Amino acid sequence: MSDALTPTPTDTQAGTPAATASFPVEGMTCAACVGRVERALARVPGVAEATVNLATERATVRYDGTAASPVALHEAVRKAGYDVPALPSEPGAADMGAETDDDRAERVRLAVRARLVWAVALTVPLWLLEMVPMVVPGGMAWLHARVPMEALWLASFALATAVQFGPGARFYRTGWAALRHGSPDMNTLVMMGTSAAYAYSVVATFAPGLLPAGAVHVYYEAAATIVTLVLAGKYAEAVAKGRTGRAISRLVELQPETARVVRGGREVDVHVTEVVVGDLVRVRPGERLPVDGVVVEGASFVDESMVTGEPVPAEKAEGAEVVGGT
């Protein structure tokens with residue numbers, strides 16, 4: 001038995017501005033980042049609504065095409081401290097137009113992994129110089145008898161500086177932008193914490209006379225370790241986001257591209273984007289539901305495992321709500 005259903009209303013079907021833009025936003029880490037990006041987009045003249053999805057790292061904006069432009073939206077996000085791949089009309093936009101969400105997620109993962117590898121390669125020697133001799137009985141005295149302390153501190157300074165302003169440079173860029181906008185986040189915390197340890201160590205190395213007696217110590221390994229550990233967390237996050245994004249993409253692909261709509265007593269196949277509120281959509285056994293809606297005629301069973309996780313099909317009759325793609 002075939003079912004007939006009417007689609008439920010969506011925001012894009014009533015009184016919307018002239019244009020809708022959807023683009024990736026890179027560098028978000030939490031709900032606070034989402035709120036910051038949404039507020040930055042909402043402040044652009046002509047924007048009616050801005051929503052950001054942290055899982056897919058995409059922003060969707062409805063705006064008046066005569067008052068705003070994609071370039072203005074991208075610039076607003078960048079000024080808030082986050083990255084947006086360039087438009088074809090913007091400098092440095094080569095090959096960005098053909099990049100898919102999966103490609104972008106893989107590019108981000110590889111970039112984070114590269115920073116993590118460099119951070120680990122530079123932090124491990126720091127640990128060998130600063131921490132290992134401390135846990136080996138007599139290790140520190142043995143090391144200082146062969147290498148002057150000043151030379152060790154200079155070597156630690158070089159390694160820590162490379163970590164702080166190499167792999168850790170991103171924390172300064174995003175953390176300072178968040179602080180400047182009055183919304184400090186995790187990047188700001190990492191920036192301030194590592195900078196404090198690093199700056200104190202620099203003073204102890206090159207201007208020890210500015211510190212009180214007995215307070216001349218260096219903490220280069222602490223600053224580098226924090227950067228490295230946070231980067232390790234970001235890499236794990238990038239891997240998880242990539243998997244989540246691919247799963248969401250597969251779910252979206254389940255939605256049919258066409259719908260069988262009853263208009264004027266005839267069944268007409270139309271693209272799902274052309275289905276409007278009030279249309280009567282006929283769905284036959286074995287087919288996927290093209291849109292969300294309410295059953296107005298007929299009865300059947302629907303596999304909703306993609307939404308509910310339940311393996312048993314759900315019975316649907318007149319008045320039941322159904323989900324597109326099931």
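1. Let me start with Arg78, which counts as partly exposed because its relative accessible area is 26% (buried means under 20% relative accessible area, exposed over 50%, and partly exposed in between, with a 1.4 Å probe and protein chains only). Its partner is Glu75: the two side chains meet in a salt bridge at 3.0 Å, N to O (a salt bridge is a side-chain nitrogen of Lys or Arg within 4 Å of a carboxyl oxygen of Asp or Glu). Glu75 is also partly exposed, at 32% relative accessibility. Both residues lie in helix 2, three residues apart, about one turn of the helix (helices are DSSP runs of H or I with at least four residues, strands are runs of E with at least two, and both are numbered from the N terminus).

2. A word on what you are looking at: this is a predicted model, in which local features need pLDDT of at least 70 and side-chain atom pairs count only at pLDDT 80 or more, while totals for chains, interfaces and linings use all residues. Residues are numbered from 1 along each chain as its sequence is written, and side-chain values use heavy atoms, with hydrogens and water left out.

3. Now for confidence. The protein chain averages a pLDDT of 82, and 88% of the residues score at least 70 (pLDDT is the predictor's confidence in each residue, from 0 to 100). Helix 8 (residues 186-206) has the highest mean, 93, and strand 1 (residues 3-7) the lowest, 55. Residues 10-17 stay under 50, and the model has 12 contacts beyond four places in sequence for them (contact means heavy atoms within 4.5 Å). Residues 90-97 are likewise below 50, with 12 contacts beyond near neighbours in sequence. Where pLDDT is low, the predicted coordinates should not be read in detail.

4. On the overall fold, the protein chain has 10 helices and 11 strands. Buried residues make up 39% of its 326 residues. Of the contacts with a separation of 6 or more, 61% are between residues 24 or more positions apart.

5. The largest nonpolar core has 24 residues, and Phe23, Leu41 and Leu73 have the most contacts inside it (a nonpolar core is a set of buried Ala, Val, Leu, Ile, Met, Phe, Trp, Tyr and Cys residues joined through side-chain atoms within 4.5 Å). At least two residues each come from strand 2 (19-24), helix 1 (31-42), strand 3 (47-53), strand 4 (58-63) and helix 2 (70-79). Helix 1 gives the largest share, five residues. Leaving aside neighbours within four places in sequence, Leu41 is in contact with Phe23, Val47, Ala50, Ala59, Val61, Leu73 and Val77. A second, separate core of 21 residues includes Trp153, Ala160, Phe171 and Ala224.

6. The whole structure holds 13 salt bridges. In one of them, Asp185 pairs with Arg36, with the closest N and O atoms 3.6 Å apart. Asp185 lies in the loop between helix 7 (169-180) and helix 8 and Arg36 in helix 1, so this pair ties together parts that are 149 residues apart in sequence. Both Asp185 and Arg36 are buried.

7. Another pair worth a look is Arg170 with Asp83, where the closest N and O atoms are 3.1 Å apart. Arg170 sits in helix 7 and Asp83 in the loop between helix 2 and helix 3, so the pair links distant parts of the chain, 87 residues apart. Arg170 is buried, with a relative accessible area of 16%, whereas Asp83 is partly exposed at 28%. Elsewhere, salt bridges that share partners join Arg260, Glu267, Asp269, Arg282, Arg284 and Glu287 into one network.8. In strand 6 (residues 266-271) you will find Val268, partly exposed at 27% relative accessibility. Not counting residues up to four places away in sequence, Val268 touches Ala259, Arg260 and Val261.

8. Finally, the surface. Val120, Val124, Leu128, Val132, Met134, Val135 and Val136 make a nonpolar patch of about 610 Å² (patches are made of residues with over 30% relative accessible area and no salt bridge, like charges being joined within 9 Å and nonpolar side chains, namely Val, Leu, Ile, Met, Phe, Trp and Tyr, within 5 Å). Helix 3 (101-130) and helix 4 (132-135) give two or more residues each to the patch. Val136 is found in the loop between helix 4 and helix 5 (139-146) and is partly exposed at 41% relative accessibility.

Methods. Areas by Shrake-Rupley, 256 points an atom, 1.4 Å probe, with all protein chains shown as cover.
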